[in-house]
Amino acid sequence: LVILGPSGVAYAISGCFIFGKRLEEFSDIKSAIGYCFKIMTESNYDWPALSEEHFWTTGMWVWSFMIFLAVIMLNMVLA
């Protein structure tokens, strides 16, 4: 939890910088943390809305988030 928490907050903050002006889910830190938690637990996100403006940046953000947080960190916490 010591590594998972700050990593999740870092991805939420970066999501605010990348998507904050376009998407309500990333408009502030609190909602961004909630949406990142939703992505991490449910693996459910709106790809067309996220990738509307910056396709490659969104791809790198989503794939690194899914690999690093959802797969590795969540499995470490559950183990």
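Let's start with cysteine 16, which is buried, with a relative accessible area of 17%; buried here means under 20% relative accessible area, exposed is over 50%, and partly exposed lies in between, with a 1.4 Å probe and protein chains only. Cysteine 36 counts as buried too, at 4% relative accessibility.

A quick word on where this comes from: this is a predicted model, where local features need pLDDT of at least 70, side-chain atom pairs count only at pLDDT 80 or more, and totals for chains, interfaces and linings use all residues. Residues are numbered from 1 along each chain as its sequence is written, and side-chain values use heavy atoms, with hydrogens and water left out.

Helices are DSSP runs of H or I with at least four residues, strands are runs of E with at least two, and both are numbered from the N terminus. The axes of α1 (residues 4-19) and α2 (residues 29-42) come within 9 Å and cross at roughly 115°. For the axes, lines are fitted to C-alpha atoms over the stretch in contact, and angles run from 0 to 180 degrees between N-to-C directions. On the α1 side the contact is made by Leu4, Val9, Tyr11, Ala12, Ile13 and Cys16, and on the α2 side by Ile29, Ala32, Ile33, Cys36 and Met40; contact means heavy atoms within 4.5 Å. Those residues divide into 11 nonpolar, no polar and no charged.

On to the core, please! The largest nonpolar core has 21 residues, and Phe26, Trp61, Phe65 and Leu69 touch the most other members. Such a core is a set of buried Ala, Val, Leu, Ile, Met, Phe, Trp, Tyr and Cys residues joined through side-chain atoms within 4.5 Å. Helix α4 (55-78) is one of the elements giving two or more residues, and its 7 residues are the largest share.

Leaving out residues up to four places away in sequence, leucine 69 touches Leu4, Ser7, Gly8, Tyr11, Met40, Ser64 and Leu74.

Beyond four places in sequence, threonine 58 touches Phe19, Trp47, Leu50 and Ser51.

Methods. Nonpolar A, V, L, I, M, F, W, Y, C, P; charged D, E, K, R; others polar.
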